[in-house]
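Subject: Handover of a structure

Dear colleague,

Please find the structure below, followed by an account of what was found in it. I would be grateful if you would read the two side by side.

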Amino acid sequence: MPEFLSKTQAGLAEISAYSDEYEKNPPKLLGGDHTLEACGVKVDISRQRLNEDELKHLYRIAEDVHLVERHRNMMQGKQVNSSEKRAALHTLLRDPESSLPQAEAVRKNLDEMRKFAYEIRQGLWRGTTGQRITDVINVGIGGSFAGPHFVYDACQDMNTSSIAVHWVSNVDGWVLVNLLSKLSASTTLVIVSSKSFGTAETLLNAETIRNWFIQQGIEGEELCKHFVVVSSNEKAGEKIGVPCARRFPIWDWVGGRFSVWSATGLPLMIALGPTHFDEFLRGAHQMDMHSIESEPEKNLPLTLALLSIWNSIALNAGTLCFLPYEHRLRHMIQWLQQLQMESLGKSRLTNGELTFFPTGRIVWGGLGNDAQHTFFQCLRQGVARTAIDILWADRPAHSLTVHHDFLLANAKAQANVLVTEDDDSLAMNTVNVIRVRDISPYSLGALMAMYEHKTTMLGNLFGINPFDQPGVELGKRLARDIMNEEQ
């Protein structure tokens, strides 16, 4: 076994040694003032279940496996995606000053996105009949949907244009039938987003929409004004029957679930404007710098990764429940599910050997205030052990301050109630309280980058590759086989 994997497995074994002791008697809460802060994000870990010495032990393990150094290697373009033999350079997409060889292409692409978004927003780019674009349909699934959809929904109040963005992901025809019946083809722009342009759901949806345009009398070269593709495939336009469609590239060193910062975010730039999108990138970039420059004890993603390892191995808390007390963050749950479960749902180390530690933790959750009236009973007095992240914004985006005060009162109360010991319960929870000042493109960028770095650091700690997803492909192949048999 390579030296790095030997060290990671030894570190995990050290954490596992605590599990017998804490199987029946979980440790008390850390307590005290343990709030970490960076890039406008505050993380209070005082409701985690370990003591000061155990927390220091976790930081020593991170040092032993050179976690920050390996994280820095990723950001410097080293080949960290071992199975696909490529870099994982999503952080480059938000670095305005990088000197890496790929940086110039990124900057050029961003400039082209800004120009295109400006033309759409100002009515300079028009449909084939000369009318302004009023609606954008984003066609994509997985990473081409979850991240952009979440950010768009969270920032809808910042959309100063009259352009509405609609999201089509899965192939349930009900979505398209209902959507297209409300739109006019002459004022609609379609963005088809797929890194490989081999995703069956995306291609079928794009074909159906193209046929709708044809039925509305827009076909051939006229489709050029209504279709844009986002892909690494230079023949993406041909695959949807629109060879002249304008293409914005994605590079092979950008994983789908890490791609919201790329041209996958084009609908965001159109809806929110280039300035807001630049702020989104800035928040993420500052979290990038924090993740490699801060001391380990103050490093937000590193600390979250270590606590995740502790909770799943030492305390056998097998799931992460994500509870935003903020309506605009409700779609963050789906984004986080894909990010962590697709990245870490692996049972083999990078050298091919099976791991004996719980890697692919289940991520689930719900809007906090609503969830109090659905599954909190189980969290409070059930039998499970659960790690919980509670997230809120200190400032509301509306004038109903009484509502916001009541919402935060619930969030603060539940942060304490969910770790209160109860003689009638076998449940055991740990809680992180995560706060931002307000919901803005900058704060969303910082939050999402924090969770990205937590996830990739967990990959390093477990000794697995968080940048591939081989298990996704089998279902796709079987679905194609069934379709071929039935036809």
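**The largest cavity**

The lining of the largest cavity comprises 4 nonpolar, 3 polar and 3 charged residues; here Ala, Val, Leu, Ile, Met, Phe, Trp, Tyr, Cys and Pro count as nonpolar, Asp, Glu, Lys and Arg as charged, and the others, Gly among them, as polar. The model is a predicted one, in which local features need pLDDT of at least 70, side-chain atom pairs count only at pLDDT 80 or more, and totals for chains, interfaces and linings use all residues. Residues are numbered from 1 along each chain as its sequence is written, and side-chain values use heavy atoms, with hydrogens and water left out.

There are 4 cavities of 30 Å³ or more in the structure, and the volume of the largest is about 60 Å³. A cavity is a set of points, on a 1 Å grid over the protein atoms alone, where a 1.4 Å probe fits but cannot get out, and lining residues have an atom within 4 Å of a point. Grid points are joined across faces, edges and corners, and a volume is the space filled by probe spheres set on the points.

Among the residues that line the largest cavity are Leu-304, Leu-307, Ser-308, Asn-311, Arg-361, Asp-389 and Lys-454. Helix α12 gives the largest share of this lining, 4 residues, and both α12 and β10 (385-393) supply at least two. Helices (H or I, at least four residues) and strands (E, at least two) are DSSP runs, numbered from the N terminus.

**Helix packing**

Two packed helices are described by the angle between their axes and the distance between the axes. Axes are lines fitted to C-alpha atoms, for helices over the stretch in contact, and angles run from 0 to 180 degrees between N-to-C directions.

Helix α12 (residues 300-314) also packs with helix α3 (residues 52-64), at an angle of about 110° and with the axes 10 Å apart. The two are therefore roughly perpendicular (65 to 115 degrees; under 35 is roughly parallel, over 145 roughly antiparallel and the rest oblique). In their contact (heavy atoms within 4.5 Å), residues of α3 including Leu-55 and Tyr-59 meet residues of α12 including Leu-306 and Trp-310. The residues of this contact divide into 8 nonpolar, 1 polar and 1 charged.

Helix α13 (residues 332-344) and helix α6 (residues 146-154) have axes that come within 9 Å and cross at roughly 155°. α6 is therefore roughly antiparallel to α13. Ala-146, Gly-147 and Phe-150 of α6 meet Met-332, Trp-335 and Gln-338 of α13, a contact of 4 nonpolar, 2 polar and no charged residues.

With helix α17 (residues 441-462), the axis of α13 comes within 9 Å and crosses at roughly 20°, which means that α13 is roughly parallel to α17. Their contact includes Met-332 and Trp-335 of α13 and Tyr-451 and Lys-454 of α17.

Yours sincerely

Terms used. 1 Å grid on protein atoms, 1.4 Å probe; cavity = no way out; pocket = protein on both sides within 12 Å on 5 of 7 lines; lining within 4 Å.
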